[in-house]
Amino acid sequence: MEFTNRYLALGDSFTEGMGDVEPQRPNQVRGWADRVAEVLCADPSWGYANLAIRGKKINQVIIEQLPAALALKPTLITLYVGGNDILRPAVDIDALMLRYRQMIIKLADSGATLVLFTGFDSGDSAIFGTTRGRTAIYNEAVREIAEDTGALIADYWRWREFSDLRYWATDRLHMNTAGHTLMAAKVLELLGNQSRIPLPVLTDAAALTRLNKLREDAAWAKEHLVPWVKRRLTGTSSGDALSPKYPHFTSLQVPSGV
């Protein structure tokens with residue numbers, strides 16, 4: 001099927017939809033990009049493809065996703081990548097963002113509308129807050145590249161609503177369903193779309209005793225932190241065996257009952 005308007009999502013776990021679990025979906029996740037696409041595809045002229053895969057770094061997106069992206073000839077592209085690079089023990093941010101810039105120039109030259117994301121402000125995180133300075137430098141580079149190429153900015157860093165832990169999954173690294181839903185609403189607003197996504201009502205956060213907090217932190221470390229560290233030490237990724245959710249343009253519909 002030929003689509004006049006073609007939305008392509010690129011990147012890593014953030015765009016794949018990690019944290020927004022839906023077993024019936026490819027890779028068993030939904031995510032904000034799917035939710036944006038569901039709204040856009042209410043108009044039959046829109047098609048949607050998503051090449052994002054968890055764990056991908058900038059060089060991998062350039063090698064694995066950029067050629068396919070250009071071949072698909074999208075009219076709208078969203079891209080967030082770099083978080084996995086920033087979390088590495090050592091990274092050359094300047095060299096990293098030079099490669100990022102070269103990728104964005106190629107995407108911009110395609111004529112598509114581009115939406116680029118800044119990274120989230122992790123300053124409140126005891127574990128990931130140590131990379132806050134790197135993310136700030138990354139963000140300034142993204143903003144400069146957006147100015148130079150005419151891309152739109154989805155400014156995750158400045159969207160302070162996401163500091164509420166109720167928008168985050170149990171792994172503390174990805175948004176949950178509520179977070180992905182809010183992100184979809186933010187992106188649609190940025191695009192000037194008048195549709196309104198019903199936002200979930202957040203439940204009151206449970207007050208934890210110090211002992212319960214320690215138990216919760218220990219359980220999190222065992223289930224999420226230790227495997228994450230092990231993958232980085234062994235050079236493996238949770239996305240190594242996965243394929244893109246939607247490698248070709250399709251009309252994505254809102255699931256029944258939603």
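Predicted model: local features only at pLDDT ≥ 70, side-chain atom pairs only at ≥ 80, totals over all residues.
Biologist: Which residues is F3 in contact with, leaving aside its neighbours within four places in sequence?

Modeller: They are P44, S45, W46, G47, F249, T250 and S251. Take G47: it lies 44 residues from F3 along the chain, yet their C-alpha atoms are separated by 5.6 Å.

Biologist: And across the chain, what share of contacts between residues at least 6 apart in sequence join residues at least 24 apart?

Modeller: That share is 75%. Buried residues, for their part, make up 48% of the 258 residues.

Biologist: On to α3, residues 58-72. How do you know that its span is close to the expected one?

Modeller: The helix has 15 residues and reaches 20 Å from its first C-alpha to its last, against 21 Å expected at 1.5 Å a residue.

Biologist: Where does α3 bend, and by how much?

Modeller: At Q65, by about 45°, with a proline, P67, following within four residues. Just after the helix, K73 takes a positive phi of about 55°.

Biologist: Which residues of α3 are buried, and what covers them?

Modeller: The buried ones are I58, V61, Q65, L66, A69 and L72. Their cover includes the strands β1, β2, β3 and β6, along with the helices α4 and α5.

Biologist: Why are α3 and α5 called roughly parallel?

Modeller: They pack at an angle of about 5°, with their axes 11 Å apart. Angles under 35 degrees count as roughly parallel, so α3 and α5 are roughly parallel to each other.

Biologist: Which residues meet where α3 packs on α5?

Modeller: From α3 come I58, N59, V61, I62, L66, A69 and L70; from α5 come L96, R99, Y100, M103, K106 and L107. By class, that contact has 10 nonpolar, 1 polar and 2 charged residues.

Biologist: To finish, how many helices and strands does the chain have?

Modeller: It has 8 helices and 6 strands, and along the sequence they follow the pattern β-α-α-β-α-β-α-α-β-α-β-α-α-β.

Note on methods. Residues numbered from 1 in each chain as written. Heavy atoms only, no water. Helix = DSSP H or I, 4+ residues; strand = E, 2+ residues; numbered from the N terminus. Expected span 1.5 Å × (residues − 1). Bend = angle between axes of the 7 residues up to and from the residue. Buried < 20%, exposed > 50% of the residue type's maximum accessible area, 1.4 Å probe, protein only. Contact = heavy atoms within 4.5 Å. Axes fitted to C-alpha atoms, helices over the stretch in contact; angles between N-to-C directions. Parallel < 35°, antiparallel > 145°, perpendicular 65-115°, else oblique. Nonpolar A, V, L, I, M, F, W, Y, C, P; charged D, E, K, R; others polar.
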